[in-house]
Amino acid sequence: MKLTEQQFQDYLVQIRELAEGPFDAMQEEIEVTNVFPQEFYDLAIKNDLYRFYLPEQYGGWGLTEKQILMVQEEFSRGPGGMRMHLHHAADLNWRILDDYGSDELKAELMPKFQDKSVYINFALTERTGGTGADLHTIAQKDPDDPDYYIINGEKTLISHTDCCDYTYLIVKTDPTSSKDDSLSAFLVDINTPGFETIPMTHMMGCRGAGHADLHFTNMRVHKRFLLGKEGQGLEVAMSSLAVSRAHIAVSNLGMAQRMLEMTIKRTHDRVTFGKPLCKRQKIQQDIADCGTKINALRLAIWDFAEDYEAGKNIDMKAAMCKLMSIDVVREVSDCMLEIFGGIGYFEKNNLVTRPDGSDYGPVERLYRDCRAMWLEEGPRTVQRLTAFRGLDACGGRIPYSAYEVK
């Protein structure tokens, strides 16, 4: 189903109102329970938040990458845990299977993403290793039945474990090797014997995202669930993470945009020494700096989207977008908290209402939620190293879709 331009613009408004209305309202309970109510999933399905990003052949809308990112910016204005869940759905959840799954698996599962009949999480990180050839989760061929692999090991900080049906699992298939081609990727049913989920404690923010440790004990997985080829595991992980980094960047963008709007409202309402804050030059300069950086971030993300659509290498620009977004959302959130003052540090900042009786929004929660993006899909140090490799390869002459001198 193709949307007209007006239908797409109306959908963006619909998702913003959903994020800042019903999603925000149910988050107060989630902050305590750390579990999404069924109402959240029902609303997400009703509003096509598991469908909009899919290609048309799988029941989706066939949106461009830029349009997908624009929708994500809108739902990222809401609670961080819900943003994390929906970001995963729009990115890692389906792309890995579409890119590396067998025709048999794709025919069976891809159409089920549109209404969350299937949801897949992503398991790479370990407590005792990194995200490359130093992983310790091992998959070895079953000596009694070579059609099966036996997997032993563990993963940590895995999101959405309370609502998923399968896991994308990155393991080592050559335990004697320290090379990148020693890794492989599998699609694993969470009900497979030997698969254990151990819930983790509450995070600082992004509550409800279902984080857990995963343990695998003599877990047998059939070879038809191998994604790509044996030894392709790092490629599977990194290709999906490159896109996801840009989606993290647009998540930061959505939060930063909402925080800036809330902050500007506060500068008009808060009066000190007979003058509203918006009339003070220092405040005006801080707001201008935040707005300038938000605008630059949005343009960088859209440039990434053009390269993605054109089939170009996106690793460098995706890393740059995420790196830039961390700094932008940090500056905007700090500016917001300073301007709101002490009242912004309370969990329920509706202790102060606007002159029209409305409240400003979840200042304290947004401040906490955005900090998760420091770490998702790699910290600043990883993004800088990835960006350097790209810059070194092009001699520092960054190619742009709209303007490029040969």
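The paragraphs below walk through the charged pairs, the cysteines and a few surface features of this structure.

This is a predicted model, in which local features need a pLDDT of at least 70 and side-chain atom pairs count only at pLDDT 80 or more, while totals for chains, interfaces and linings use all residues. Residues are numbered from 1 along each chain as its sequence is written, and side-chain values use heavy atoms, with hydrogens and water left out.

We begin with the charged pairs. Side chains of opposite charge can pair when their charged atoms come close. The structure holds 30 salt bridges, a salt bridge being a side-chain nitrogen of Lys or Arg within 4 Å of a carboxyl oxygen of Asp or Glu. One of them joins the side chains of Glu20 and Arg77, with 2.5 Å from N to O. This pair links distant parts of the chain, 57 residues apart, since Glu20 sits in helix 1 (residues 5–33) and Arg77 in the loop between helix 3 (65–75) and helix 4 (80–90). Helices here are DSSP runs of H or I with at least four residues, strands are DSSP runs of E with at least two, and both are numbered from the N terminus.

How covered are these side chains? A residue is called buried under 20% relative accessible area, exposed over 50%, and partly exposed in between (1.4 Å probe, protein chains only). Glu20 counts as partly exposed because its relative accessibility is 30%, whereas Arg77 is buried, with a relative accessible area of 3%.

Glu20 also meets the side chain of Arg258 in a salt bridge of 3.8 Å, N to O. Arg258 lies in helix 7 (residues 233–269) and Glu20 in helix 1, so the pair ties together parts that are 238 residues apart in sequence. Arg258 is buried, at 6% relative accessible area.

A further salt bridge is formed by Lys155 and Glu126, whose closest N and O atoms are 3.0 Å apart. Here, too, distant parts of the chain are linked, for Lys155 is in strand 3 (residues 145–158) and Glu126 is in the loop between strand 1 (120–123) and strand 2 (138–142), 29 residues apart. Both Lys155 and Glu126 are buried. Elsewhere, salt bridges that share partners join Glu20, Asp24, Arg77, Arg258, Glu261, Arg365 and Asp369 into one network.

We turn next to the cysteines. A disulfide is a covalent bond between the sulfur atoms of two cysteines. The structure holds zero disulfides, where a disulfide is taken as a pair of cysteine sulfur atoms within 2.5 Å. Cys163 counts as buried, at 10% relative accessibility. Cys321 is in no disulfide either, and the nearest cysteine sulfur, that of Cys394, is 15 Å away. Cys321 is also buried, with 3% relative accessibility.

Val32 lies in helix 1 and counts as exposed, at 63% relative accessibility. Its C-alpha atom is separated by 38 Å from that of Glu235, which is 203 residues away along the chain. Asp180, found in the loop between strand 4 (166–172) and strand 5 (183–189), is partly exposed, with a relative accessible area of 45%.
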